[in-house]
Amino acid sequence: MMSNSQDLLQKTGRWKTWEYPLWILALALPVILPSHALIINEIAIVALFALSLDLILGYTGIVSLGHAAFFGMGAYSAALFAKLVMPDPLVGLVFGMATATVLGALCSATILRGTDLTRLMVTLGVCLILGELANKMSWLTGGADGLEGVVMGPLLGKYDFDMFGRTSALYSLSVLLVLFVLARRFVNSPFGATLKAIRDNRLRAMAIGISVNSRLAVVYTVAAALAGAAGALLAQTSGFASLDLFEFHRSADVMLVLVVGGVGWLYGGVAGAIVFKLMQDAISSITPQYWTFWIGMFLVVLVLVGRERLIRPWTWLKPRSTGSHS
């Protein structure tokens, strides 16, 4: 029985044939489409942010409206590190992830008790508190004016960040790929299987001896680290960090990305980020004031019609079983 479960996990985590050319194409896009490098960079960052939320929403069933807290923490940490310590982007990325990880570990206690509504309010409250702290500590963060003057050094000591975003896009896509691979191994491990058991029935998971609280704390901390990496990438590639990073719409937007792409499936965050950002870019160029209306209309149609019926040609990419796969 145990051997069969391990074989199933290994089979699930095995890379499919279509995934290799997909990621090769993704990494080649900034070279193939250099004029669209900036939007490619944004998509990669949003995809990583959505991937981090999917770890707790899709694989453990924890709903959070304050995920932007870790995103903003990673962004401010990386920006301050580049400005005050050293401009190396990779070291700054690690520092941003580290601070977000510590914050996630501290905040993990907030999701261990209470109902879903309680968690929504508590996670949102944590994000609002951090946003207000960043506003009050204007001597360090720049307050409402934002943290300006963030200049990054060359990537790997060779590649400068250009104004066209080609280096930024390659950098963000590479980080997304590395963290995607790690997240994939994480959710398809025996530990990941226990997370799905907790999501499906927490009481039953406790009854068979799974340490529910410790596992929830671990996955929440890991998700915070990935969100911090996304925030650090945004600050490093834009050279700016502002209070906007902690605002509610950040958490709401990444939730919508998962609604579009699908939860409990790591590629859902990537697919959702592509659709969401391309729609946002296209619609806002036509009607800057009302683009949110058309995004909302699309989401209504998506929910009423159904994702698989609306985007039927792409459904072969998603696993057909009811379990959560990457």
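Leaving aside its neighbours within four places in sequence, which residues is Ala229 in contact with?

## A residue in the interior

Outside the four places on either side of it in sequence, Ala229 is in contact with Leu48, Leu93, Met97 and Leu179; contact means heavy atoms within 4.5 Å. Ala229 lies in helix 11 and counts as buried because its relative accessibility is 0%. Here buried means under 20% relative accessible area, exposed means over 50%, and partly exposed is in between, with a 1.4 Å probe and protein chains only. Ala75 sits 154 residues from Ala229 in sequence, yet their C-alpha atoms are 7.9 Å apart in space.

## How to read this model

This is a predicted model, in which local features need pLDDT of at least 70 and side-chain atom pairs count only at pLDDT 80 or more, while totals for chains, interfaces and linings use all residues. Residues are numbered from 1 along each chain as its sequence is written, and side-chain values use heavy atoms, with hydrogens and water left out.

## The chain as a whole

The protein chain has 15 helices and 0 strands. Both are DSSP runs numbered from the N terminus: helices are H or I with at least four residues, strands are E with at least two. Of its 326 residues, 48% count as buried. Among contacts between residues at least 6 apart in sequence, 77% join residues at least 24 apart.

The accessible surface of the chain comes to about 16,100 Å², and 68% of that belongs to carbon and sulfur atoms. Accessible areas come from the Shrake-Rupley method with a 1.4 Å probe; for residues, only the protein chains shown count as cover.

## Two helices side by side

Two packed helices are described by the angle between their axes and the distance between the axes. Helix 8 (residues 166-187) and helix 11 (residues 212-238) pack at about 175°, and their axes are 10 Å apart. Axes are lines fitted to C-alpha atoms, for helices over the stretch in contact, and angles run from 0 to 180 degrees between N-to-C directions. Helix 8 and helix 11 are therefore roughly antiparallel, a term for angles over 145 degrees.

Where they meet, helix 8 contributes residues including Tyr171, Val175, Leu179 and Phe186, and helix 11 contributes residues including Val222, Leu226, Ala229 and Leu233.

## Charged pairs

Side chains of opposite charge can pair when their charged atoms come close. The structure holds 3 salt bridges, each a side-chain nitrogen of Lys or Arg within 4 Å of a carboxyl oxygen of Asp or Glu. One joins Glu42 and Lys277, with the closest N and O atoms 3.2 Å apart. This pair links distant parts of the chain, 235 residues apart: Glu42 is in helix 3 (residues 37-57) and Lys277 in helix 13 (residues 266-286). Glu42 is partly exposed at 35% relative accessible area, whereas Lys277 is buried at 11%.

Lys136 pairs with Glu132 at 3.9 Å between the closest N and O atoms. Both lie in helix 6 (residues 116-136), 4 residues apart, or about one turn of the helix. Arg250 and Asp244 form a salt bridge too, with 2.5 Å between the closest N and O atoms.

Tyr290, Phe293, Trp294, Met297, Val300, Val301, Leu304 and Val305 make a nonpolar surface patch of about 790 Å². Such patches use residues with over 30% relative accessible area and no salt bridge, and join nonpolar side chains (Val, Leu, Ile, Met, Phe, Trp, Tyr) within 5 Å. Leu304 is found in helix 14 (residues 291-305) and counts as exposed because its relative accessibility is 70%.

Note on methods: Patch = residues over 30% accessible without salt bridge, like charges linked within 9 Å, V, L, I, M, F, W, Y side chains within 5 Å. Parallel < 35°, antiparallel > 145°, perpendicular 65-115°, else oblique.
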